Amino acid sequence: MAKPIEEGDYVRLWASNKKGDSFLIRLAKGGSLGSRMGAVRHDDVLAAGFGGEVLSTKGERFFVVRPTVSDFCRKIHRVTQVVYPKDAGVLITSLDIRPGASVLECGSGSGGMTVFFAHFVGAEGRVYSYDVREDHQKVAMDNCRRWGVDDRVLFRVADVEETGFQERDLDALFLDVRCPWKIVDSAVSALASGGRLAVLVPTVNQVEMVLESLREAGCADLVVTETSQRNWKTNPKRLRPEDSMVAHTGFMVFASTLKAGVAPDEYW
């Protein structure tokens with residue numbers, strides 16, 4: 001049975017208008033959301049519950065929807081570019097992020113992927129997040145705290161090109177840094193045999209350098225992919241694609257580690 005809405009919870013208010021206006025809010029008794037469609041009292045949302053509806057001061061209808069981790073990550077405070085949800089989904093499934101898993105990310109940024117990883121590893125899992133900039137990590141920490149997963153994340157400030165990673169026998173590792181090919185060896189050393197590695201880069205020449213470094217490190221099962229997202233208008237009488245879409249945002253390179261002494265052919 002789903003728990004009722006409580007003060008401090010996040011909810012999404014969705015309006016069934018042509019624009020599909022949507023607002024993510026954290027509820028506080030006595031609080032209010034201001035919008036061009038009028039103000040909405042938080043107390044009314046608490047009383048309506050998930051699946052209910054509330055009226056703004058202008059008489060506009062809003063429906064109370066349970067927010068997803070994707071909704072939250074689209075709205076987080078950011079000081080860097082964040083990973084798009086369309087890419088995050090591929091990363092989560094291809095790295096096999098599951099309850100109890102141990103995963104490391106290098107490049108905390110604003111904490112978007114940190115939140116995703118911590119959400120899916122569950123209370124028994126662990127996320128290690130590295131970044132060279134402490135100011136970025138403070139933002140990432142705060143975003144994890146706001147989603148309630150900060151107790152699953154250990155943040156480390158370090159220049160990994162100099163220090164490497166402290167962890168070993170990890171299930172998965174994600175690199176989102178400027179020159180990932182420089183730390184592939186450190187990443188492979190931190191993973192368990194058969195562990196999964198993912199690298200996110202924006203350009204083709206970077207992909208080439210990543211692939212070369214993965215081959216030199218003896219990784220197998222190399223895959224390069226990108227995702228595009230095109231939504232459709234939801235009027236069943238005028239069903240057609242939206243006029244714009246989210247196309248290229250980055251290349252994702254995946255690989256698996258092997259046992260010591262086992263290596264694939266140089267090229268395949």
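Ala-88, Leu-91 and Ile-92 in helix H3 meet Met-113, Phe-116, Phe-117 and Phe-120 in helix H4. Contact here means heavy atoms within 4.5 Å. Ala, Val, Leu, Ile, Met, Phe, Trp, Tyr, Cys and Pro count as nonpolar; Asp, Glu, Lys and Arg as charged; the others, Gly among them, as polar. The model is predicted: local features need pLDDT of at least 70, side-chain atom pairs count only at pLDDT 80 or more, and totals for chains, interfaces and linings use all residues. Residues are numbered from 1 along each chain as its sequence is written, and side-chain values use heavy atoms, with hydrogens and water left out.

Now the geometry. H3 spans residues 85-94 and H4 spans residues 112-121. Helices (H or I, at least four residues) and strands (E, at least two) are DSSP runs, numbered from the N terminus. The two helix axes come within 11 Å and cross at roughly 40°. Axes are lines fitted to C-alpha atoms, for helices over the stretch in contact, and angles run from 0 to 180 degrees between N-to-C directions. H3 and H4 are therefore oblique to each other. Angles under 35 degrees count as roughly parallel, over 145 as roughly antiparallel, 65 to 115 as roughly perpendicular, and the rest as oblique. The crossing is right-handed, meaning that the near helix is turned clockwise from the far one by less than a right angle.

Look at H3 alone. Its buried residues are Lys-86, Asp-87, Ala-88, Leu-91 and Ile-92. Buried means under 20% relative accessible area, exposed over 50%, and partly exposed in between (1.4 Å probe, protein chains only). The cover over these buried residues includes H4, S10, S11 and S13. Leu-91 shows some of the partners: leaving aside neighbours within four places in sequence, Leu-91 is in contact with Val-83, Met-113, Phe-174, Ala-198, Met-252 and Phe-254. After H3 comes Asp-96, with a positive phi near 55°.

H4 is mostly covered, with eight of its 10 residues buried. They are Gly-112, Met-113, Thr-114, Val-115, Phe-116, Phe-117, Ala-118 and Val-121. Just after H4, Gly-122 takes a positive phi of about 75°.

H4 has another helical partner. H4 and H5 pack at an angle of about 40°, with their axes 9 Å apart. That makes H4 oblique to H5. The crossing of this pair is right-handed. Thr-114, Val-115 and His-119 of H4 make the contact with Asn-143, Cys-144 and Trp-147 of H5. By class, the H4 and H5 contact has three nonpolar, three polar and no charged residues.

Where does Val-115 sit? Val-115 is found in helix H4. Its relative accessible area is 0%, so Val-115 is buried. Val-115 and Val-153 are 38 residues apart in sequence and 9.0 Å apart in space, C-alpha to C-alpha.

Val-139 lies in helix H5. Val-139 counts as buried because its relative accessibility is 12%. Beyond residues up to four places away in sequence, Val-139 touches His-77, Val-79 and Ser-110. Its C-alpha atom is 9.2 Å from that of Ser-108, across 31 residues of sequence.

Step back to the nonpolar cores. A nonpolar core is a set of buried Ala, Val, Leu, Ile, Met, Phe, Trp, Tyr and Cys residues joined through side-chain atoms within 4.5 Å. The largest core has 33 residues, of which Leu-91, Leu-95, Ile-97, Met-113, Phe-117 and Phe-174 touch the most other members. Elements giving two or more residues to this core include helix H2 (69-75), helix H5 (134-147), strand S9 (153-157) and strand S10 (170-175). H4 supplies the largest share, six residues. Apart from this core lies another, of 29 residues, among them Ile-183, Val-188, Cys-219 and Val-253.

Finally, the whole chain. It comes to eight helices and 13 strands. Of its 268 residues, 45% count as buried. The C-alpha atoms fill a box of roughly 70 × 45 × 35 Å, taken along the principal axes. Among contacts with a separation of 6 or more, 60% come from residues 24 or more positions apart.
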